[in-house]
Amino acid sequence: MNELRVRFAPSPTGPFHIGGARSALFNWLLARREGGKFILRIEDTDLERSSRESEENIKEALRWLGIDWDEGVDVGGPYGPYRQTERLGLYREYTAKLLAAGHAYHCYCSEDELEAERQAQLAKGETPRYGGRCRCLGDEDRRRLAAEGRKPTVRFRVPEGKAIIFNDLVRGTVSFESSGVGDFVIVKSDGIPVYNYAVVLDDALMRVTHVIRAEEHLSNTPRQIVIYEALGFPLPAFGHISLILGKDRTKMSKRHGATSVEQYKCLGYLPAAIVNFLALLGWAPEGEEEIFSREELISRFSLDRVAKNPAVFDVDKLNWLNAHYLRAAGPAVITELALPHLAAAGYVTLPLSGNERAWLEQAVAVVQEHISYAAQAAEHLAVFFKDDVAFESDEAAAILRDADIPPVMAAFRERLAALPALDDAAVKGVLKGIVKDLKLGGNKVYMPVRIALTGQAHGPDLIRLIVLLGKDRVLARLEKTLKAI
RNA sequence: GGCCCGUUGGUCAAGUGGUUAAGACACCGCCCUUUCACGGCGGUAUCAGGGGUUCGAAUCCCCUACGGGUCACCA
């Protein structure tokens with residue numbers, strides 16, 4: 001009976017934002033933790049901007065993150081439908097009740113008139129709010145206005161001089177003065193309810209017990225509360241979690257880099273890493289661990305450890321977490337995620353043959369410690385694919401011009417060519433043998449060979465590189481490089 | 001501008017009147033490694049400012065500053 005019911009109610013108006021994902025996650029964690037229900041409702045009353053495509057994008061992102069819903073679009077449930085545009089009939093009933101009880105009234109003001117009023121108030125330094133022109137219209141007036149061709153909106157009559165106080169689960173007691181609100185539109189002239197109204201009806205009708213959402217909705221809450229009260233609905237508990245900010249401490253937007261879940265997915269981030277990271281943004285567990293599986297998050301999550309202050313999205317930390325999960329997942333997974341990026345770089349052609357894939361996985365295994373997200377595999381794997389060696393700097397080339405080097409190169413070429421097959425032990429033997437026989441330090445052997453083969457002073461493990469490149473390509477690269485210096 | 005929320009190192013943060021103010025990312029150093037990275041060890045660095053209350057304030061109150069949110073026939 002007093003089961004916890006939470007919801008995530010996105011508007012399908014664009015790419016699914018990482019902040020939305022966090023709101024969804026917190027609700028979901030709460031529901032799973034408390035054995036409650038998590039509802040997915042689509043708020044598509046903005047006809048212009050909403051699209052089915054965005055809705056699909058959101059659902060796909062949620063599934064990818066492993067956030068499943070017990071009731072909502074696609075899965076149904078006892079309080080459906082779960083898309084607002086399919087609930088219009090329901091809303092109409094309640095609008096009629098509000099109108100009849102005098103809690104709402106028709107407003108015939110045009111958008112231009114309202115805009116003019118707003119500007120005038122702003123010019124005088126006043127708070128823009130509805131002046132109440134249509135508050136007390138008689139039937140006579142309404143007939144006249146309608147005859148002018150005006151289509152009315154429905155406005156909620158906000159009680160005057162009333163303190164609206166509620167206890168926010170994350171912020172504590174919050175209070176507003178109703179006089180600061182002003183009568184607001186609840187139904188547009190086209191008959192579609194506005195967010196602040198539909199959300200109340202839906203949350204109440206869907207028996208939502210806890211409304212956990214982003215802080216941007218905090219100032220909307222008093223508007224919603226007066227509607228709950230007018231309709232006699234019990235109030236849910238509210239909890240407003242802080243926003244995610246970009247590096248410059250403003251609300252995260254496109255210019256801060258990737259902001260949609262889909263972008264992170266494409267770059268080769270793992271859902272477990274995103275979930276772990278998002279959970280830690282604005283919530284802190286007891287204890288000192290930082291890495292949590294979904295199950296651990298569920299068992300530890302609690303709203304009273306959610307922070308009030310906004311959090312800056314720190315890509316470095318996300319990268320660290322993702323690198324951790326990537327390494328744990330292993331080369332096969334990393335390879336799979338890297339494939340599109342390797343193809344885009346022109347390194348591979350899809351689909352891969354079994355042999356190509358096996359080879360690629362070995363190459364990935366060599367560089368995986370360097371990779372924070374799979375897209376980076378392309379740059380770290382470049383030395384495996386670029387047979388035209390280019391020196392990264394003059395210093396690198398200069399190392400090869402040292403007087404001691406030609407004999408090293410000659411010995412390397414001969415001994416490698418003489419090898420029946422390349423494997424780690426054999427190649428290691430060749431390199432060590434050269435160091436010993438020519439009586440040179442390792443730095444006169446390993447580094448020059450590396451530079452001769454890759455043009456770079458740093459890179460993947462040399463022995464593995466040579467083995468994976470194979471004798472022919474190694475010898476060919478060597479040939480070209482020696483000619484170039 | 002009105003209203004609302006917030007402010008502990010560069011970042012995420014623990015902390016709820018008495019602590020040497022945790023931990024993590026990033027950064028720096030050392031070790032491991034004939035490269036780089038991973039890993040290990042160590043280090044730099046924080047209570048926005050000012051007033052109170054108190055024997056004692058990061059913790060409680062007030063003011064200021066700064067940041068954010070919101071004031072739509074968007075959500």
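Modeller: Let's start at Pro351, which you'll find in the loop between helix H12 (331-344) and helix H13 (354-367). Keep in mind as we go that this is a predicted model. What kind of peptide bond joins Leu350 and Pro351? It's a cis bond, with omega at about -5°.

Now look for a cis bond elsewhere in the chain. Gly80 and Pro81 are joined by a cis peptide bond too, and omega is about -5° there. Pro81 belongs to the loop between strand E3 (71-72) and helix H3 (88-100).

Stay in that loop for a moment, as Asp74 is found between E3 and H3 as well. Asp74 isn't a glycine, yet its phi is positive, at about 75°. Is Asp74 buried or exposed? With a relative accessibility of 55%, Asp74 counts as exposed, because the cut-off for exposed is over 50%.

Lys439 has a positive phi of about 55° without being a glycine. Its place is the loop between H17 and helix H18 (446-454), and at 71% relative accessibility Lys439 is exposed.

Asp437 and Arg415 form one, with their closest N and O atoms 2.9 Å apart. Asp437 sits in helix H17 (residues 424-437) and Arg415 in helix H16 (residues 405-418), so this pair ties together parts that are 22 residues apart in sequence. Asp437 is partly exposed at 44% relative accessibility, and Arg415 is partly exposed at 29%. Asp74 comes back here too: salt bridges with shared partners link Arg52, Glu55, Glu56, Lys59, Arg63, Asp74, Arg83 and Glu86 into one network.

A salt bridge brings the side chains of Glu3 and Lys37 together, at 3.4 Å from N to O. Glu3 is in the segment before strand E1 (5-8), while Lys37 is in strand E2 (residues 37-40), so the bridge connects parts that are 34 residues apart in sequence. Glu3 has a relative accessible area of 31%, which makes it partly exposed, and Lys37 is partly exposed at 28%.

Here's a further pair to find: Glu113 and Arg150 form a salt bridge, and their closest N and O atoms are 2.9 Å apart. Glu113 is part of helix H4 (residues 111-123), and Arg150 is in the loop between helix H5 (139-147) and strand E5 (153-156), so parts 37 residues apart in sequence are tied together. Glu113 counts as partly exposed at 25% relative accessibility, and Arg150 does so at 24%. In total, the structure holds 43 salt bridges.

From Arg150, step along to Glu160. They're 10 residues apart along the chain, and their C-alpha atoms are separated by 28 Å. Glu160 is in the loop between E5 and strand E6 (163-168), and at 55% relative accessibility Glu160 is exposed. If you set aside neighbours within four places in sequence, Glu160 is in contact with Arg135, Ser178 and Ser179.

Asn220 lies between strand E9 (210-214) and helix H7 (221-231). Leaving out residues up to four places away in sequence, Asn220 touches Tyr195 and Asn196.

Now zoom out. Chain A has 20 helices and 12 strands. Its radius of gyration is 32 Å, well over the 23 Å that the globule rule gives for 485 residues, so chain A is more spread out than a compact globule. You can see that in the C-alpha trace, which spans about 105 × 50 × 40 Å along its principal axes. Buried residues make up 48% of the 485 residues. Among contacts between residues at least 6 apart in sequence, 73% join residues at least 24 apart.

Methods. Residues are numbered from 1 along each chain as its sequence is written. Chains are lettered from A and ligands numbered from 1 in the order in which they are written. This is a predicted model: local features need pLDDT of at least 70, side-chain atom pairs count only at pLDDT 80 or more; totals for chains, interfaces and linings use all residues. Side-chain values use heavy atoms; hydrogens and water are left out. Helices (H or I, at least four residues) and strands (E, at least two) are DSSP runs, numbered from the N terminus. The radius of gyration is taken over C-alpha atoms; the globule rule is 2.2 Å times the number of residues to the power 0.38. Buried means under 20% relative accessible area, exposed over 50%, partly exposed in between (1.4 Å probe, protein chains only). Contact means heavy atoms within 4.5 Å. A salt bridge is a side-chain nitrogen of Lys or Arg within 4 Å of a carboxyl oxygen of Asp or Glu.
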